[in-house]
Amino acid sequence: MSLTDTQRAIHAFLAERIEADGYAPSQAEIAHAFGFSGVRAAQYHLEALEAAGVIERSPGRARSLRLLQWPDWPRQLDLPANDDALQLPVLGQVAAGVPIGADIGSEQVVLMDRTLFSLTPDYLLRVKGDSMRDEGIFDGDLIGVHRTNEARSGQVVIARIDDEITVKLFKPTRGKVRLLPRNPDHDPIEVQPGQDFAIEGLYCGLVRPHG
């Protein structure tokens, strides 16, 4: 039984988490990591992995999943041409700590499954830093960015401050803009009067390269 790219990506994610934590992630954690709207999508892909003979689950037992086959591919894969494939450029780095200069200029172009993302992304940025750790965004992740200059309070945005790029939680209050980390070890960023500030896009999911 052949697997879709999403299923191969989940297989690699399971291996990564089992190696790191000693146990498999929950369906809710899988859904969050892949930007699914609910756990049913995660359950569907796990059922496909089980049918393919690469994982085994024990019904009624939490985190009982174990791998029967370990993946030998990275999560970042070329996809066959199909309606679910997106061709996305990787445009340098975005800081998940303090803002850093964005290395704009495509590192590469990859084909990704659109079902990995909650919104259709226009490009990918590589994350540097851990200030969005509690949002499930880690150093080295590739995040999908839906290009827009509008955002609602509480959304995770990719913002430009004086030609530097950062990913943060958007919190406008009383005429001021605050960009909040999701890691208590990092300080919020408050946009100062006179700074060149713009929202570049909305975070819409991630890909975590394996290895």
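Trainee: I'm new to this one, so what share of the protein chain's residues count as buried?
Mentor: Of the 211 residues in the protein chain, 45% count as buried, and please keep in mind from the start that this is a predicted model.

Trainee: How many helices and strands are there in the chain?
Mentor: The protein chain has 3 helices and 12 strands. Among its contacts between residues at least 6 apart in sequence, 63% join residues at least 24 apart.

Trainee: Okay, let's go to the helices. How many residues does H1 have, and how far does it reach?
Mentor: Helix H1 covers residues 5–21, which is 17 residues, and from its first C-alpha to its last it reaches 24 Å, close to the 24 Å expected at 1.5 Å a residue.

Trainee: Is H1 largely enclosed or largely open?
Mentor: H1 is largely enclosed by the rest of the structure, because 12 of its 17 residues are buried. Among those buried residues are Asp5, Thr6 and Gln7 toward one end, along with Ile10, Phe13, Leu14 and Ile18.

Trainee: What follows H1 in the chain?
Mentor: Glycine 22 follows H1, and its phi is positive, near 90 degrees.

Trainee: You mentioned H3, so at what angle do H1 and H3 pack?
Mentor: The angle is about 85 degrees, and the axes of H1 and H3 are 10 Å apart. Angles of 65 to 115 degrees count as roughly perpendicular, and H1 and H3 are therefore roughly perpendicular to each other.

Trainee: Which residues make that contact?
Mentor: From H1 the contact uses Thr6, Gln7, Ile10, His11 and Leu14, while H3 brings Tyr44, His45, Leu46, Ala48 and Leu49. By class, the residues in the contact of H1 with H3 divide into 6 nonpolar and 4 polar, with no charged ones.

Trainee: What about H2 and H3, at what angle do they pack?
Mentor: H2 and H3 pack at about 100 degrees, with their axes 8 Å apart, and they are therefore roughly perpendicular to each other. On the H2 side the contact is made by Gln27, Ala28, Ile30 and Ala31, and on the H3 side by Val39, Ala42, Gln43 and Leu46. The contact of H2 with H3 has 6 nonpolar and 2 polar residues, and no charged ones.

Trainee: Switching to strands, which one holds arginine 66?
Mentor: Arginine 66 lies in strand E2, and at 46% relative accessibility it counts as partly exposed. Leaving aside its neighbours within four places in sequence, arginine 66 is in contact with Val54, Ile55 and Glu56. Arginine 66 and tyrosine 23 are 43 residues apart in sequence, with 8.1 Å between them in space, C-alpha to C-alpha.

Trainee: And glycine 201, is that buried or exposed?
Mentor: Glycine 201, which lies in strand E12 (residues 197–207), counts as buried, because its relative accessibility is 0%. Beyond its neighbours within four places in sequence, glycine 201 is in contact with residues including Val145, His146, Arg147 and Val157.

Trainee: Last one, what is phi for arginine 174?
Mentor: Phi of arginine 174 is near 50 degrees, which is a positive value in a residue other than glycine. Arginine 174 lies in the loop between strand E9 (164–173) and strand E10 (176–180), and at 86% relative accessibility it counts as exposed.

Conventions. Residues numbered from 1 in each chain as written. Predicted model: local features only at pLDDT ≥ 70, side-chain atom pairs only at ≥ 80, totals over all residues. Heavy atoms only, no water. Helix = DSSP H or I, 4+ residues; strand = E, 2+ residues; numbered from the N terminus. Expected span 1.5 Å × (residues − 1). Buried < 20%, exposed > 50% of the residue type's maximum accessible area, 1.4 Å probe, protein only. Axes fitted to C-alpha atoms, helices over the stretch in contact; angles between N-to-C directions. Parallel < 35°, antiparallel > 145°, perpendicular 65-115°, else oblique. Contact = heavy atoms within 4.5 Å. Nonpolar A, V, L, I, M, F, W, Y, C, P; charged D, E, K, R; others polar.
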